[in-house]
Amino acid sequence: MTVNTTVNRVLLALAGLVLFVLGGSVLAIGLGAPAPSWWLHDGRNDVLLDDSERTRWREQGWWWPVVIAALAVVVLLCLWWLVSVLRRRRVSEIVVDTGDGEVAALRGRALEHALAEDANRQDGVAEARVLLTGRRGTPRTRVVLLLDPHVDPGTALDTFTAGPLTHARTATALPALPSEVRLRAVKHRPERVT
């Protein structure tokens, strides 16, 4: 699991928990449940902000700058989170050493397609999906191999590592091509044994 995925799940879980507790409390009190001692208001007919609460800090010089700064920090954190979620994770091109002191740019999609096609030719692989991530000089691959029902996963992984993955690393002259390979079985109908 990547760091972004973990951060997204934790933030969504915290936001969901806070909204669930606050929303459930407001709903319960609105339906006539007694307000707990820690609750901000006295009962179902109480307003969210009465006149004294709205004007309590008005005369303090520090109040509005603190409120604005806190809201600005919340907005910036939300924008950072949104940009990190929407950011392109796919590598558009990688740098390949041509051997004569020059470099060439290889389209990331072309390498993904070639690696997937090579993996699809492997015995026992029904379908292969490849995603190239990382940076131009240090790409990584995420591979999903859908295996036929009676294929040994260890053998399929060894064959993929020694074949298509090694071919891709050799063809691009990369010193390493770290990969995350997920193996899944193709769904099939149960077979009858007689």
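## Salt bridges

The count of salt bridges comes to three in this predicted model. Arg-121 pairs with Asp-118, and their closest N and O atoms are 3.4 Å apart. Arg-121 is exposed, because its relative accessibility of 62% lies over the 50% cut-off.

Another salt bridge links Glu-127 and Arg-129, with 3.5 Å between the closest N and O atoms. Glu-127 has a relative accessible area of 36% and is partly exposed; Arg-129, at 41%, also counts as partly exposed. Arg-182 forms a salt bridge with Glu-180, and here the closest N and O atoms are 2.9 Å apart. Arg-182 is partly exposed at 39% relative accessible area, and Glu-180 is partly exposed at 31%.

## The sheet

Three strands make up an open sheet with mixed pairing, in the order β3-β4-β5. The edges are taken by β3 (125-134) and β5 (179-185); each has a single partner strand, so one side of each has no neighbour in the sheet. From one strand to the next, the twist averages 15°.

Helix α4 (residues 108-120) packs on this sheet and touches β3 and β4. The direction of helix α4 makes about 155° with that of β3.

## Strand pairing

Nine bridges connect β3 with β4 (residues 139-147), and this pairing is antiparallel. A hairpin of four residues leads from β3 to β4. Across this pairing, Arg-129 stands opposite Val-144 in β4, and Val-130 has Val-143 of β4 as its bridge partner. Arg-129 is also the residue that forms a salt bridge with Glu-127.

On the other pairing, β4 and β5 run parallel and are joined by seven bridges. Arg-142 stands opposite Glu-180 in β5, and Glu-180 is in turn the salt-bridge partner of Arg-182.

How many of the nine residues of β4 are buried? Seven of them are, so β4 is largely enclosed by the rest of the structure. Buried here means under 20% relative accessible area.

Is Leu-76 buried or exposed? Leu-76 counts as exposed because its relative accessible area is 58%, and the cut-off for exposed is over 50%.

Technical notes:
Residues numbered from 1 in each chain as written. Predicted model: local features only at pLDDT ≥ 70, side-chain atom pairs only at ≥ 80, totals over all residues. Heavy atoms only, no water. Buried < 20%, exposed > 50% of the residue type's maximum accessible area, 1.4 Å probe, protein only. Pairing = 2+ DSSP bridges. Helix = DSSP H or I, 4+ residues; strand = E, 2+ residues; numbered from the N terminus. Axes fitted to C-alpha atoms, helices over the stretch in contact; angles between N-to-C directions. Contact = heavy atoms within 4.5 Å. Salt bridge = Lys/Arg side-chain N within 4 Å of Asp/Glu carboxyl O.
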